[in-house]
Amino acid sequence: MASLLSTLFSSRDNYLATHISKLNNDNSFPFQNKLKRDELISGMEDKSVLVSGGTDEERSIFLMSMMRTISGKIVLLHNGNRFLKADNLNKCGVCAKEWAGNIYKGMNKKQIISLLSGEKADDELLFFYAYAFEVCEVLGVPVSIEGINSIDWLGVKWQQDLLMNTSQRDRALDLLSRFNRQMAEKAVKGMCRIEHLSRTVAIDNGVGITDMLSSNMVLTKEVYGSNASVTRQCMEALQALAESGIRFTLILDDVYLPNCSLIKDNYRNVRMILAADDIAQLDTNMHLSNRKCNVVVFNHLSYGSAKMISETYFGEYDKLIREISSGQNKSFLTMTTYNNSMTVRHGRELRLMPEHIVNLPMGAAFVHLVNGMEGVICMR
């Protein structure tokens with residue numbers, strides 16, 4: 001009888017242990033779910049994407065896989081990732097062109113003035129840039145950043161040229177009369193801003209942002225430093241494009257502006273793909289965007305970052321913990337009796353442990369999609 005009871009209790013314990021293990025396994029991250037690349041891309045639908053970790057090459061392979069499937073206009077800003085330059089993208093079957101060093105190429109004077117003045121319009125600069133373009137028009141100089149740059153505003157030659165102008169004499173004399181001490185001070189300030197924004201500008205074979213409107217292609221640009229003036233200016237130009245209703249995909253690799261509404265807010269006409277070697281370093285609160293985003297996570301060097309990413313995007317589950325206790329009981333003049341008991345308690349645990357992210361092999365990534373799909377993808 002005792003043997004039968006022992007067998008029954010043992011079977012019960014084994015059943016409960018198996019059942020608890022299955023429940024915990026069902027609620028934790030599905031490592032056994034191996035996703036195919038096409039399955040992953042289609043599962044993402046048109047939702048925005050966060051990509052974190054890995055090497056420049058790993059992220060680039062994934063980003064190029066996405067670019068090949070996106071029908072429409074794509075703008076790509078990267079922080080010196082050589083795999084994302086136009087030449088390399090074209091070699092890999094992605095039609096791409098470099099965004100010209102002069103990011104204002106192809107824009108009209110109103111668009112340029114709006115961007116040059118910055119997010120908080122500087123009235124002094126607005127007056128100068130409007131004035132400078134008028135001078136360019138009268139002198140027959142291109143109404144562009146290059147045109148303004150070609151004039152030595154601290155010299156007198158451009159004033160002499162205006163004075164000698166006979167075809168638009170009244171307008172030329174009006175411009176000369178308006179160039180007083182205050183306007184000269186504005187000119188210095190305005191040219192310093194242009195110089196600051198255009199340090200790397202050169203005459204190149206790149207295309208302007210307006211060229212993207214007439215054809216579907218990847219417009220790529222290398223920018224250094226997320227808060228650099230040129231980076232902010234590029235994002236302002238793209239935001240103006242978005243606010244005009246143009247549909248495009250914005251890809252950022254190691255480029256992030258914490259207060260940029262194009263990143264933070266949910267523009268329906270703009271799909272965002274934000275990639276970085278560690279997105280946990282971009283925002284300490286991990287509030288990167290208000291958009292619903294698919295998440296792709298490659299290997300991370302930092303355990304702390306892996307933990308933050310796991311907590312934020314993969315979450316926790318209610319884990320069942322089985323505890324077994326044993327004891328014995330002996331009374332006077334009786335045999336010693338032994339007893340085992342099992343209790344089950346609840347505890348919270350990460351669905352994806354940080355050590356799994358830290359130990360990911362090259363080319364592999366954990367995936368969590370907005371539609372609920374999860375699994376492991378290998379990009380090799």
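Which residue in β11 is the bridge partner of V295?

Analyst: The bridge partner of V295 in β11 is H368. Before we look around that spot, a word on the model: residues are numbered from 1 along each chain as its sequence is written, and side-chain values use heavy atoms, leaving out hydrogens and water. The model is predicted, with local features requiring pLDDT of at least 70 and side-chain atom pairs counting only at pLDDT 80 or more, while totals for chains, interfaces and linings use all residues.

Let's start with the strand pairs. β8 and β11 pair in the antiparallel sense over three bridges; two strands count as paired if DSSP finds at least two bridges between them. Helices (H or I, at least four residues) and strands (E, at least two) are DSSP runs numbered from the N terminus. F366 has V376 as its bridge partner in β12. The hairpin of β11 and β12 has five residues between the strands, and there G372 takes a positive phi near 100°.

Now for the wider sheet. Ten strands form an open sheet with mixed pairing, in the order β1-β12-β11-β8-β2-β7-β6-β3-β5-β4. H368, besides being the partner of V295, has E374 as its bridge partner in β12. Helix α3 (residues 56-69) packs on the sheet and touches β11 along with other strands, including β2 (48-52) and β8 (293-297); the direction of α3 makes about 165° with that of β7 (270-276). That angle lies between N-to-C directions and can run from 0 to 180 degrees, with axes fitted as lines to C-alpha atoms, for helices over the stretch in contact.

How covered is β11? Four of the five residues in β11 are buried, where buried means under 20% relative accessible area, exposed over 50%, and partly exposed in between (1.4 Å probe, protein chains only). Over the protein, buried residues make up 46% of the 380 residues.

F366 also takes part in a ring pair. Phe, Tyr and Trp rings (for Trp, the six-membered ring) pair if their centres lie within 6.5 Å; planes under 30 degrees apart count as stacked, over 60 as edge-to-face and the rest as tilted. By this rule there are nine aromatic pairs. F31 and F366 form an edge-to-face pair, because their ring centres are 5.7 Å apart and their planes stand at 80°. F31 is in the loop between α1 (2-27) and β1 while F366 is in strand β11, so this pair ties together parts 335 residues apart in sequence. F31 is partly exposed, at 29% relative accessible area, whereas F366 is buried, at 4% relative accessibility.

A few steps along the sheet order, we can look at β2, which holds V51. V51 is buried, with a relative accessible area of 0%. Contact here means heavy atoms within 4.5 Å, and leaving aside neighbours within four places in sequence, V51 is in contact with residues including R59, F62, I273, V296 and F298. The C-alpha atoms of V51 and F298 are 7.8 Å apart, although 247 residues separate them along the chain. Across the protein, 70% of the contacts with a separation of 6 or more join residues 24 or more positions apart.

Finally, the nonpolar cores: each is a set of buried Ala, Val, Leu, Ile, Met, Phe, Trp, Tyr and Cys residues joined through side-chain atoms within 4.5 Å. The largest core has 79 residues, and W99, W153, M235 and L238 have the most contacts inside it. Helix α6 gives the most to this core, with nine residues. A second, separate core of 30 residues includes V49, M64, I70 and I273; I273 is also one of the contacts of V51.
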